[in-house]
Amino acid sequence: MPGGARTAVVTGGGSGIGRAIAERLAAEGHRVAVLDLNPSGGELALTADVTDRAQIDVALAGVRDRLGPVGILVNAAGLDGFKRFADLSFDAWQRVVDVNLNGVFHCVQAVLPDMLGAKWGRIVNISSSSTHSGQPYMTHYVAAKSAVNGLTKALALELGPLGVTVNAIPPGFVDTPMLRKAEERGLLGGTVEEHIGRTPVRRVGRPEDIAATCSFLASEEAGYITGQIVGVNGGRNT
Ligand code: NAP
């Protein structure tokens, strides 16, 4: 592998997109730690809530101890939410912002010393295609994910000279437990099958589609790509 095996941390790696990313990075020879509320897979599976800095710090101490300093961080932990804005409680707003945005803050800050020490790092943030298009009843989610895109651009400028790239993938319409739960609850504005008919490539996205892009952004050869929002959405957003 050009650049060699790295220690990778994947938040939300116990399910869906995060799981596929963890499997892909492991298949490429990286040492992968999964941090999740219900972790599984990876070489190391650790329970941690990304909104709780103390839990993240303890988990990362375990990662460093077992797998070495972190070179790759993928922030895939996410929580959606559907509520008419007029009825949205501040608590619900805050939880969605906490998981999707503040979780990225905590995890990046916690791994950064390793990357700065090595003068090498790859950070990939999984945002959402709803940041292209907006999404009714998801103001908290879209606001948080849009902020993740903004954080990505600003942090890339700050960390570029220090050897660390920062990019975001805003996925659209990917077949995971999150998507299927939204479908079951009638919150997708149609079934997955109906959405496929409106998707230019005429299929639902697979977690592996996101994992392939993430793997490239985490690779040595993606070193000239930073501060980018790389859509993977079957052409639903251009
Ligand atoms: P998923 O299957 O629900 O996976 C999300 C994972 O994050 C779950 O394992 C979940 O754990 C974990 N998680 C939630 N809150 C956490 C927290 N506070 N601390 C640590 N882990 C936490 O959903 P997915 O579809 O793969 O989503 C992955 C990412 O892609 C998310 O950021 C999501 O917003 C984004 N995304 C997905 C789509 C799509 O079409 N699927 C579209 C746009 C964006 P539990 O299951 O135990 O709660």
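Tutor: A residue counts as near a molecule if one of its heavy atoms lies within 4 Å of it. This is a predicted model, in which local features need pLDDT of at least 70 and side-chain atom pairs count only at pLDDT 80 or more, while totals for chains, interfaces and linings use all residues. Residues are numbered from 1 along each chain as its sequence is written, and side-chain values use heavy atoms, with hydrogens and water left out.

Around the ligand there are 26 residues, of which Ser15, Asp36, Asn38, Tyr141 and Thr176 come nearest. Some polar contacts can be described individually, a polar contact being a pair of N or O atoms within 3.5 Å. In the side chain of Thr176, an N or O atom is 2.5 Å from an oxygen atom of the ligand. Asn38 has a polar side-chain atom 2.6 Å from a ligand oxygen atom. Phe173 takes part through its backbone, where an N or O atom lies 3.4 Å from an oxygen atom of the ligand. On its own, the ligand has 880 Å² of accessible area (Shrake-Rupley method, 1.4 Å probe), and the protein covers 90% of that area.

How values were computed. A polar contact is a pair of N or O atoms within 3.5 Å; within protein, one must be able to donate a hydrogen and the other to accept it, and residues adjacent in sequence count only if both atoms are side-chain atoms.
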